[in-house]
Amino acid sequence: TGVLYVVATPIGNLGDLSPRARQVLAEVAAIAAEDTRDTRRLLAQYGITSELIAYHDHNEATMTPQILERLVAGQSLALVSDAGTPLISDPGYTLVAAARAQGLPVVPIPGASAAICALSASGLPSDRFLFLGFPPRTSVRRRTWLAAVASEPGTLILYESAKRVLETLHDLSVVLGETRRLVIARELTKQFETFLLGTASELIARLESDPEQRLGEMVLLVEGCSASESDAAHAESIRVLRLLCEAMP
Ligand code: SAM
């Protein structure tokens, strides 16, 4: 049988496509890509002309069996997304899970992922972290979603679009308070790469006064819940429980 290669592509800087990734992409029978036009443009930079097939959120159910068939027939294929590592807030899970379930070989070709790239240079604790992907788009759902991770001690990593970053910072400030350090990692590996550090309100003020800081792609990192914060939350729930007990007949 063939091999399914899960290949990371650059998140900005074209120099970040590894020689191994280039070789695999040039040698496979076909590349399953989220957006074939984007990928064609990327591959053209390296002179790679392999066959491209569309594989995205809307056709994965029909494409998965077709790709598996080709693997079973002995062809090796690569899976890429528009940027970074496939499956990380990108399509591919259905295909990789199905290939594994059939006992087909799946080989990762590692490279950039915005989440890890941001964490590695943020200055926030990196020994433990929780990747959350994109927050819900409405404020009500976003606040519930943030409340569910309020006591997580590891650094929180979120993807957010420039369009919604101010709203999300606002919800972060409401739900997690003003004591935590945040980092916005913007335009990673690109010309205007920037790291902004501060509390939620400091970052809101910064983004409001400097609209340039609201452009492009960004990762939000939030310091985890500290021991003193979780002790305080624990003490508060005990206080409330006591009050409830006293009020009961
Ligand atoms: N699979 C990708 C990865 O491994 O990083 C992530 C894909 S997700 C659809 C796109 C989001 O990743 C963007 O909205 C942004 O939050 C983040 N992102 C991607 N490239 C970035 C960059 N160069 N700088 C900052 N954030 C980036």
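What is the mean pLDDT of the protein, and what share of its residues reach 70 or more? The mean pLDDT (the predictor's confidence in each residue, from 0 to 100) is 95, and 100% of the residues reach 70 or more. This is a predicted model, in which local features need pLDDT of at least 70, side-chain atom pairs count only at pLDDT 80 or more, and totals for chains, interfaces and linings use all residues. Residues are numbered from 1 along each chain as its sequence is written.

**Exercise 1.** Decide whether Leu 158 is buried or exposed.

*Solution.*
Step 1: Find Leu 158 in strand E7, residues 155-161. Strands (E, at least two residues) and helices (H or I, at least four) are DSSP runs, numbered from the N terminus.
Step 2: Recall the cut-offs: 20 or more other C-beta atoms within 10 Å of a residue's own make it buried, 12 or fewer exposed, and anything in between partly exposed, with C-beta atoms placed from the backbone.
Step 3: Leu 158 has 24 other C-beta atoms within 10 Å, so Leu 158 is buried.
Step 4: Look for contacts, meaning C-beta atoms, placed from the backbone, within 7 Å. Leaving out residues up to four places away in sequence, Leu 158 touches Leu 132, Pro 135 and Leu 220.

**Exercise 2.** Find which residues touch the most other members of the largest nonpolar core.

*Solution.*
Step 1: Such a core is a set of buried Ala, Val, Leu, Ile, Met, Phe, Trp, Tyr and Cys residues joined through C-beta atoms within 7 Å.
Step 2: Among the 54 residues of the largest one, the answer is Val 7, Ala 78, Leu 79 and Leu 221. Strand E10 (residues 217-222) gives this core its largest share, five residues.
Step 3: Take Leu 79 as an example: beyond four places away in sequence, its contacts include Val 7, Ala 32, Tyr 55 and Leu 95.

**Exercise 3.** Work out how helix H3 (residues 60-72) lies against helix H4 (residues 93-101).

*Solution.*
Step 1: The axes come within 10 Å and cross at roughly 40°. Axes are lines fitted to C-alpha atoms, for helices over the stretch in contact, and angles run from 0 to 180 degrees between N-to-C directions.
Step 2: Angles under 35 degrees count as roughly parallel, over 145 as roughly antiparallel, 65 to 115 as roughly perpendicular and the rest as oblique. H3 is therefore oblique to H4.
Step 3: Glu 60, Thr 64, Ile 67, Leu 68 and Leu 71 of H3 meet Thr 94, Leu 95, Ala 98 and Ala 99 of H4.

Terms used: Two residues are in contact if their C-beta atoms, placed from the backbone, lie within 7 Å.
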